[in-house]
Amino acid sequence: MCDMQHEISRLLHFARQKGLIAPEDEVYAANRLLDVLGVEEYVPEQVDETLETATPILERMLDYAAGKGLIEGTTDERDLFDTRIMDCVMPRPSEVVRQFRALYAASPREATDYYYDLSIASNYIRKTRIDKNIAWQAETEYGALDVTINLSKPEKDPRDIAKAKLAKSSAYPKCLLCRENEGYAGRVNHPARETHRLIPLDLTGRSWFLQYSPYTYYNEHCIVLNNEHVPMAISRETFENLAAFLEIFPHYFAGSNADLPIVGGSILSHDHYQGGRYTFAMERAPVEQEYRFANYPNVRAGHVKWPMSTLRLTSSDKGALIDLATKILAAWRTYSDASVEILAETDAPHNTITPIARRRGKDFEFDLVFRNNRTTEEHPLGLFHPHADVHHIKKENIGLIEVLGLAILPARLKSEMEQVRTELLKGTEDIAGIADIEKHADWYRSVRASHPEVTEADADGILRDEIGAVFLRVLTHAGVFKRDAAGMAAFDRWIDSIKDV
């Protein structure tokens with residue numbers, strides 16, 4: 001009991017420091033904590049500490065709850081319960097919106113700074129876990145690509161897996177992006193969102209919301225979600241909405257996953273965009289070939305030097321930019337060039353676009369990345385998708401974040417690369433017989449051939465560079481017009497076919 005008195009005082013102190021509660025809220029918040037933790041009374045204690053996150057306090061409270069039988073102690077139950085604890089010291093949604101708007105009146109950056117800091121302080125963004133991710137940059141001919149091994153999602157406890165199988169199915173909320181997630185307590189197969197707070201947005205007269213991604217793959221990784229649960233669709237409205245978002249938040253970029261399977265993101269059932277405050281390699285990539293569109297003299301256009309086939313449009317005339325992008329999208333939907341294996345339709349439509357938008361001073365800039373989701377007998381997971389020879393590193397869809405030049409790699413690579421490193425240093429010729437890492441055997445032989453002498457000092461750097469090189473190949477596989485002479489000529493033919501749109 002005495003220990004929990006101290007932890008409650010610590011959490012209230014933390015909440016005041018981070019602006020989650022005001023002094024007038026303290027007794028109310030304390031009483032809510034007593035109820036959640038099953039504690040009968042509270043005597044405040046003086047606390048003098050500064051913490052970046054509430055994690056150290058929450059871990060003590062979770063251990064207490066597990067010991068008292070309030071929770072079983074599995075990962076999922078701890079996550080559900082610590083969110084319930086933090087909700088005791090959270091401002092109501094209306095208070096967050098009111099504060100955001102007050103700060104926005106002075107500066108959009110101040111408003112997003114407040115909202116992002118709140119998301120971390122509330123543990124909605126589990127920063128302690130995200131900080132465990134392994135991240136580096138790999139130099140390539142296209143600039144420094146970002147590479148991350150994602151360790152922020154803990155492995156499932158077998159007890160949680162068993163419970164999930166027995167859990168009653170529910171259609172509420174319809175998906176992880178629905179507006180109804182705000183304040184939702186969660187269940188064994190749906191994360192708790194009691195600390196979730198949304199910022200209402202008006203995009204071209206329709207209701208949308210701003211939130212941050214709980215997994216924040218890059219700085220201030222935000223999600224812009226449609227108020228309605230409607231499928232992803234790339235259209236004129238997409239370009240209008242991205243431009244409108246940039247007018248509200250000129251310090252952010254925004255983009256959309258493509259709207260077809262294989263080349264789209266993981267959630268195609270709910271229309272949404274992603275954005276944030278981060279400069280990706282793609283943004284730094286130069287235009288290598290300029291084009292002119294006869295009917296749009298005030299729009300600059302160019303082929304971006306990037307492994308995925310990208311046309312960059314730049315103009316201070318937002319309307320002209322949206323018009324041209326819409327016409328290019330419509331033309332691409334039906335464009336085929338069998339000489340480079342691009343077919344617009346077989347048994348289903350295949351062509352779409354991954355659009356990325358940003359501001360450069362007064363200019364709006366759209367990067368239109370041409371995508372095709374056709375499958376073949378040789379490449380059943382996708383012709384313009386990571387091919388089988390790179391699946392040992394990256395097999396998943398290439399969505400918006402990867403398109404921009406950020407690899408999100410599976411957690412298994414951490415232990416696998418540690419084993420590969422060990423074998424490299426031992427001088428092992430072939431790892432095909434080592435069960436856990438035999439999937440890397442062909443790649444391992446290539447690494448050994450390129451680096452016959454590997455030392456303790458350079459082993460990590462070599463492996464990181466080689467993984468970066470594989471990610472570059474992944475992006476090259478996903479490019480519809482290849483970076484060889486035939487592909488570059490085909491890209492020019494495609495643009496030539498639409499120069500008079």
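**Figure 1. Isoleucine 71 sits in the loop between helix H3 and helix H4.** Helices (H or I, at least four residues) and strands (E, at least two) are DSSP runs numbered from the N terminus. The model is predicted: local features need pLDDT of at least 70 and side-chain atom pairs count only at pLDDT 80 or more, while totals for chains, interfaces and linings use all residues. Residues are numbered from 1 along each chain as its sequence is written, and side-chain values use heavy atoms, leaving out hydrogens and water. Helix H3 covers 55–68 and helix H4 covers 75–87, with isoleucine 71 in the loop between them. Isoleucine 71 counts as buried because its relative accessible area is 8% (buried is under 20%, exposed over 50%, partly exposed in between; 1.4 Å probe, protein chains only). Leaving out residues up to four places away in sequence, isoleucine 71 touches Leu62, Ala65, Ala66, Glu77, Arg78 and Phe81 (contact means heavy atoms within 4.5 Å). Proline 214 is 143 residues from isoleucine 71 along the chain, and the two C-alpha atoms are separated by 23 Å.

**Figure 2. Tyrosine 172 and proline 173 are joined by a cis peptide bond.** Omega of this bond, which runs from tyrosine 172 to proline 173, is near -20 degrees. Most peptide bonds are trans. Proline 173 belongs to the loop that runs between helix H8 (158–166) and strand E3 (199–203).

**Figure 3. Threonine 216 and glutamate 220 are shown in the loop between strand E4 and strand E5.** Strand E4 spans 206–212 and strand E5 spans 222–226, and threonine 216 is found in the loop between them. Phi of threonine 216 is near 30 degrees, a positive value in a residue other than glycine. Glutamate 220, in the loop between E4 and E5, also has a positive phi, near 55 degrees. Most residues other than glycine have a negative phi. What relative accessible area makes threonine 216 buried? The value for threonine 216 is 8%, so this residue counts as buried. Glutamate 220 is buried because its relative accessibility is 5%.

**Figure 4. The view shows the cavity between domain 1 and domain 2.** Domain 1 is residues 4–131, and domain 2 is made up of 154–214, 217–384 and 484–497 (bounds come from an automatic or database domain assignment). The C-alpha centres of the two domains lie 34 Å apart. Their contact takes 34 residues from domain 1 and 35 residues from domain 2. The count comes to one cavity of 30 Å³ or more (a cavity is a set of points, on a 1 Å grid over the protein atoms alone, where a 1.4 Å probe fits but cannot get out; lining residues have an atom within 4 Å of a point). The volume of the largest cavity is about 40 Å³ (the space filled by probe spheres set on the points, which are joined across faces, edges and corners). Tyr115, Leu118, Ser119, Ser122, Tyr124, Thr195, His196, Arg197 and Tyr212 make up the lining of the largest cavity. Helix H6 (residues 108–121) gives the most to this lining, with three residues.

**Figure 5. Glutamate 396 lies in the loop between strand E12 and helix H12.** Strand E12 covers 363–372 and helix H12 covers 400–403. Glutamate 396 is partly exposed because its relative accessibility is 38%. Which residues does glutamate 396 contact, leaving aside its neighbours within four places in sequence? On that basis glutamate 396 is in contact with His385, Pro386 and Pro410. Arginine 277 is 119 residues from glutamate 396 along the chain, with 25 Å between the two C-alpha atoms.

**Figure 6. Lysine 499 is placed in the segment after helix H16.** Helix H16 spans 485–496. Lysine 499 counts as partly exposed because its relative accessibility is 37%. Not counting residues up to four places away in sequence, Arg292, Phe293 and Ala294 are touched by lysine 499. The C-alpha atoms of lysine 499 and isoleucine 467 are separated by 39 Å, and these residues are 32 apart along the chain.

Definitions and conventions:
1 Å grid on protein atoms, 1.4 Å probe; cavity = no way out; pocket = protein on both sides within 12 Å on 5 of 7 lines; lining within 4 Å.
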